Amino acid sequence: MILQGVPASAGYAIGKARIIREEVSHQPVAKIDPSTVAGELERLEAALARAADELSRLHAKWIGDGREQEAEIFEGHLYLIRDEELTSLIRSKIADDYFQAEFAVREAAEDIASRLSRLDDPYLQLRSADIRDIGDRICRCLSNKQEERAAPGSEREILIAEDLLPTYIAQLDNEVVVGFATSLGGATSHTAIIARSLGLPAVIGAVTNLERIEEGQTIIVDGVEGKVIVDPSEEDLASYGELRERYLRRLNELRAFGNRPTRTSDGHLVELTANIGSVKEASSAADCGAEGIGLFRTEFLFMERNDLPDEDEQFEVYRDIVQAIGPEAPVVIRTMDIGGDKELPALNLPKEQNPFLGFRAIRISLEKMDLFKTQLRAILRASALGNISIMFPMISTMQELSRAMEAVEAAKRELAEQGVPFDRAVPIGIMIEVPAAAILADRFAKVVDFFSIGTNDLVQYTMAADRMNAKVMHMNNGLEPAVLRLIYNVIQAAVAERIPVGMCGEMAGQPLAIPLLLGMGLQKFSVSGGSILATRELISRIDRREAQELLKDALELDDPDKIKACVEKWYANRQASIMMEVALGKSQ
Ligand code: PEP
Ligand code: MG
């Protein structure tokens, strides 16, 4: 069986299916017959014992891996699961209210969690996320489901799921999990972005019905063409084995493009940097030949935990990134961009109906000034040690920008008063990812030091096509004429004010977009670490004057498919790299 989806992360993976089913998060009110209370209580005790056992094993595993901070989380959960407050409330909801066990667990966890989140003590507020997490675990144990994060077995696995969280992907054991396929998500979802930076082949929007795949079935994930092959024939296995070898060989050959500047074939230098979410990724970006960091998504520092990193901890991370990539190399640190598909448990923000249009990114920072100031102080302190710039995400209005810049000034004043060193001329830039900012780019360009175009969001907002929704993937397309025109306007506005303009959205690494962007005069490309070498190779084969001609033709067209065909034809008339062919799906 072949399931067609959208390619989310290139490469080929072969392994056994491990199915991760979505938790039942909203149980209907479920009452039981009073005569079955004893049986339901027994079921609960068994689930509590199993949950405690899982937590002890996870605690031991993380300690064994030397990750004490994570281990502490499980220790805390173990304590809470043994604590009478939660368990006796669940028991009474079963015995006195005749609730079914799963429903009793949800209700009890929610009662306690919402009580905690209303308290003034921030420590206790944070515990509410833990209580909900424990409730999920007990419910899963009640329905006898496996622990998703259990210590992996030794076989190569392909994860099959409705959806996977970015943090879940980030903590996977790459030796075991070799690829994944999901029903939901988009090519620019953060789950897909992390998969690309880990080099983990992935397809989204393919597995429309999880029941069609059985646990342990052999699966091929073709992250180039967006196919999932279930139960492949011997022939499929052989030909995909070969494709995989060829792909890996090409990656190896690309190493020749590691230590050189990025220059078009007619000699124009462009900057090619990496997008990262951790210190580890900064090191691998350096190994991949990145010239710097064009986007550090700092929100990942805040996400995998239930507390907030303080100023010193953040400073150390920013410092380590500078050290990993080198003190001369540019490092753009973007302030926290929580919201959308990135949740921050510590803030315990309510679920929103339209999270990408909601309380997100700079909107949160401007409301939670203490949090913002702490981050700005940490970035400024690190700026004394390297070539750091500060970037604000999701700026929509000039007023937001001035408030954010005032916060930087206030943080600078504080540090100066305390005699703490920092770079007084640290450049301040903004993401151009909201159409409002793109439309007013000429005004913004007079105020900031640089632009970085965030196409992952700019495309979804311009086209009103959710980047997480495979159903509208066909509209979430950077080659749409409206998007191209908007990007071109932004670049022209920046050039007119002589400020540097780059792109850190995924479009910057897409072979079909790269010649158009060069033609528009884009100066900086920031891509995921795994795309650095292929992007450098591709740019080195492109003549910028020819790209300008191509752009002229493309901007005349009204249809994204025609624009695509126009770029493909242009490539076909030139010496296209094999990596480009692979990316275009012509790898046979
Ligand atoms: C973007 O929107 O293009 C971007 C780079 O930011 P993020 O993917 O983190 O939203
Ligand atoms: Mg964005």
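Tyr 98 is partly exposed, with a relative accessible area of 32%; partly exposed denotes values between buried (under 20%) and exposed (over 50%), for a 1.4 Å probe and protein chains only. The model is predicted, and local features need pLDDT of at least 70, side-chain atom pairs count only at pLDDT 80 or more, and totals for chains, interfaces and linings use all residues. Residues are numbered from 1 along each chain as its sequence is written, chains are lettered from A and ligands numbered from 1 in the order in which they are written, and side-chain values use heavy atoms, leaving out hydrogens and water.

Tyr 98 lies in the loop between α3 and α4. Helices (H or I, at least four residues) and strands (E, at least two) are DSSP runs, numbered from the N terminus. Tyr 98 has a positive phi of about 60 degrees, although it is not a glycine. Most residues other than glycine have a negative phi. Asp 97 is placed in the loop between α3 (84–95) and α4 (101–117). Asp 97 is partly exposed, at 31% relative accessibility. Its C-alpha lies 9.9 Å from that of Val 37, 60 residues apart in sequence.

Ala 464 also has a positive phi, of about 50 degrees, and is not a glycine. This residue lies in the loop between α17 and α18 (481–496). Ala 464 is exposed, at 69% relative accessibility.

The magnesium ion (ligand 2) has Glu 433 (OE) and Asp 457 (OD) as protein donors, 2.0 Å from it. Donors are N, O and S atoms within 2.8 Å of the metal (3.2 Å for Na, K and Ca); water is not among the atoms, so sites may look incomplete. Glu 433 belongs to the loop between β14 (428–432) and α15 (435–439), whereas Asp 457 belongs to helix α17 (residues 455–463), 24 residues apart. Glu 433 is buried at 1% relative accessibility. Asp 457 is buried at 2%.

Glu 433 also approaches ligand 1: a polar side-chain atom lies 2.9 Å from a ligand oxygen atom. Helix α17 gives the largest share of the shell around ligand 1, three residues.

Definitions and conventions:
A polar contact is a pair of N or O atoms within 3.5 Å; within protein, one must be able to donate a hydrogen and the other to accept it, and residues adjacent in sequence count only if both atoms are side-chain atoms.
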